[in-house]
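Open the model and keep the sequence beside it. The walk below goes from aromatic rings to sheets, and then to a pocket.

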Amino acid sequence: MNKRPAALAATALALAFPLAACSSSADSGGSTGTSAASETTVSHIHGLGLDPADQRLYVATHEGVYTPDAKGKAVLVGDSKDDFMGFTVAGDQTFYASGHPTSGGNKGLIKSTDAGKTWKSLSLSGESDFHALDFAHGTVYGYDSTNGLVRTTKDGVSWKDGAQLEALDIAVSPTDPGVVLATTSEGVVGSGDGGGSFGQGQGPVMAFLSWPAKDSLYGIDASGGLHRSTDRGSTWTKVSTVPGGQPQALTAVDAEHVLVATQTGVFESNDGGKTLKKRLAIASGAGH
């Protein structure tokens with residue numbers, strides 16, 4: 001992989017994943033259904049997850065972590081309005097995240113064990129901003145956008161540095177801790193040594209990936225096309241187009257249960273992405 005300076009990563013990815021026009025209707029797009037979700041002032045979504053303890057939806061955004069209430073309206077979890085960038089659910093009420101404090105700087109790796117109500121700083125505070133996080137095999141895998149590095153940690157404190165590359169998202173094989181995929185402007189690149197090195201890009205260019213089961217790897221492209229691969233990303237089948245323009249986050253809970261955020265809201269599918277229902281509407285798709 002060409003090791004260009006990490007500072008160029010944002011420029012390269014902006015060219016690879018251009019902003020798509022906002023949809024005039026939040027519910028346009030084929031078989032997509034609607035719900036009674038109410039609009040909120042959330043401006044940009046960076047991460048999605050379901051707490052396995054109660055299946056509650058959590059949405060990491062530019063201004064805090066939110067969850068829908070009984071009426072479908074987004075409610076701030078805890079009192080933090082920080083910018084949550086990388087976000088992943090690791091277990092019952094256990095989340096990892098990264099991003100920026102409202103006062104500026106980088107949060108490094110932080111952890112919550114009460115479903116996002118409070119957070120504890122673990123490491124790299126002020127040093128690193130992880131734009132992508134994944135938890136698998138008892139390990140946190142992260143893409144440190146500040147340094148352009150794939151990094152891993154088992155205890156949240158001591159990190160192992162991997163390859164340097166320009167990426168937007170990463171996904172880890174649910175069956176093999178050594179297999180890591182990353183989305184780049186050249187396509188999806190793969191690693192067989194836990195992120196230590198990556199091969200050449202292949203297949204369609206994806207913005208985000210999620211890999212919940214051995215034969216169910218999901219990817220979404222810059223225009224909202226949702227794709228599925230059963231062979232580690234060697235080939236892809238497009239299953240639908242998610243409404244709302246440019247995607248902002250993708251999380252597959254299991255082989256058929258998929259969550260996607262675009263510029264108009266959070267959409268959910270229980271049939272492998274074939275049909276989608278809006279879980280949460282947002283007032284603005286403004287990026288960050």
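A residue is called buried under 20% relative accessible area, exposed over 50%, and partly exposed in between, using a 1.4 Å probe and protein chains only. By that cut-off Phe-87 is buried, because its relative accessibility is 7%. Phe-95 is buried too, with a relative accessible area of 0%. This is a predicted model, in which local features need pLDDT of at least 70 and side-chain atom pairs count only at pLDDT 80 or more, while totals for chains, interfaces and linings use all residues. Residues are numbered from 1 along each chain as its sequence is written, and side-chain values use heavy atoms, with hydrogens and water left out.

Start with the rings. Rings of Phe, Tyr and Trp (for Trp, the six-membered ring) pair if their centres lie within 6.5 Å; planes under 30 degrees apart are stacked, over 60 edge-to-face, and the rest tilted. The rule gives 6 aromatic pairs. One of them joins Phe-87 and Phe-95 edge-to-face, at 5.4 Å centre to centre and 65° between the planes. Another pair, Phe-130 with Trp-159, is stacked: the centres are 4.8 Å apart and the planes 20°. Phe-130 sits in strand β9 and Trp-159 in the loop between β11 and β12, so this pair ties together parts 29 residues apart in sequence. Phe-130 and Trp-159 are both buried. Ring pairs also link Tyr-58, Phe-84, Phe-87, Phe-95 and Trp-119 into a cluster.

Strands here are DSSP runs (E, at least two residues), numbered from the N terminus. Two strands pair if DSSP finds at least two bridges between them.

Look at the β11 and β12 end. These two antiparallel strands are joined by 3 bridges. Leu-149 stands opposite Gln-164 in β12. Their hairpin has 6 residues between the strands, and Gly-156 there takes a positive phi near 80°. In a regular strand, side chains alternate between the two faces of the sheet.

The same region leads to a pocket. A 1 Å grid over the protein atoms alone is used: a pocket is an open set of points with protein on both sides within 12 Å along at least five of seven lines, and lining residues have an atom within 4 Å of a point. The second largest pocket holds about 190 Å³ of space. Its volume is the space filled by probe spheres set on the points, which are joined across faces, edges and corners. Which residues lie nearest its centre? Of the 16 lining residues, they are Thr-139, Thr-152, Thr-153, Lys-160 and Gly-194. β10 (139–144), β11 (149–153) and β12 (160–164) each supply at least two lining residues. β11 gives the largest share, 4 residues. By class, the lining has 3 nonpolar, 8 polar and 5 charged residues. Here Ala, Val, Leu, Ile, Met, Phe, Trp, Tyr, Cys and Pro count as nonpolar, Asp, Glu, Lys and Arg as charged, and the others, Gly among them, as polar.

Move on along the chain. An open sheet of 3 strands runs β13-β14-β15, with antiparallel pairing. Its edge strands are β13 (169–172) and β15 (187–191), each pairing on one side only. The twist averages 25° from one strand to the next. β14 (residues 180–184) pairs with β15 over 5 bridges. Within that pair, Leu-181 stands opposite Gly-190.

Further on, β16 (residues 208–213) and β17 (residues 216–220) pair antiparallel over 4 bridges. A hairpin joins β16 to β17 through 2 residues. Phe-208 stands opposite Ile-220 in β17.

Finish at Gly-225 in strand β18 (residues 225–229). Gly-225 counts as buried because its relative accessibility is 0%.

Terms used: 1 Å grid on protein atoms, 1.4 Å probe; cavity = no way out; pocket = protein on both sides within 12 Å on 5 of 7 lines; lining within 4 Å. Axes fitted to C-alpha atoms, helices over the stretch in contact; angles between N-to-C directions.
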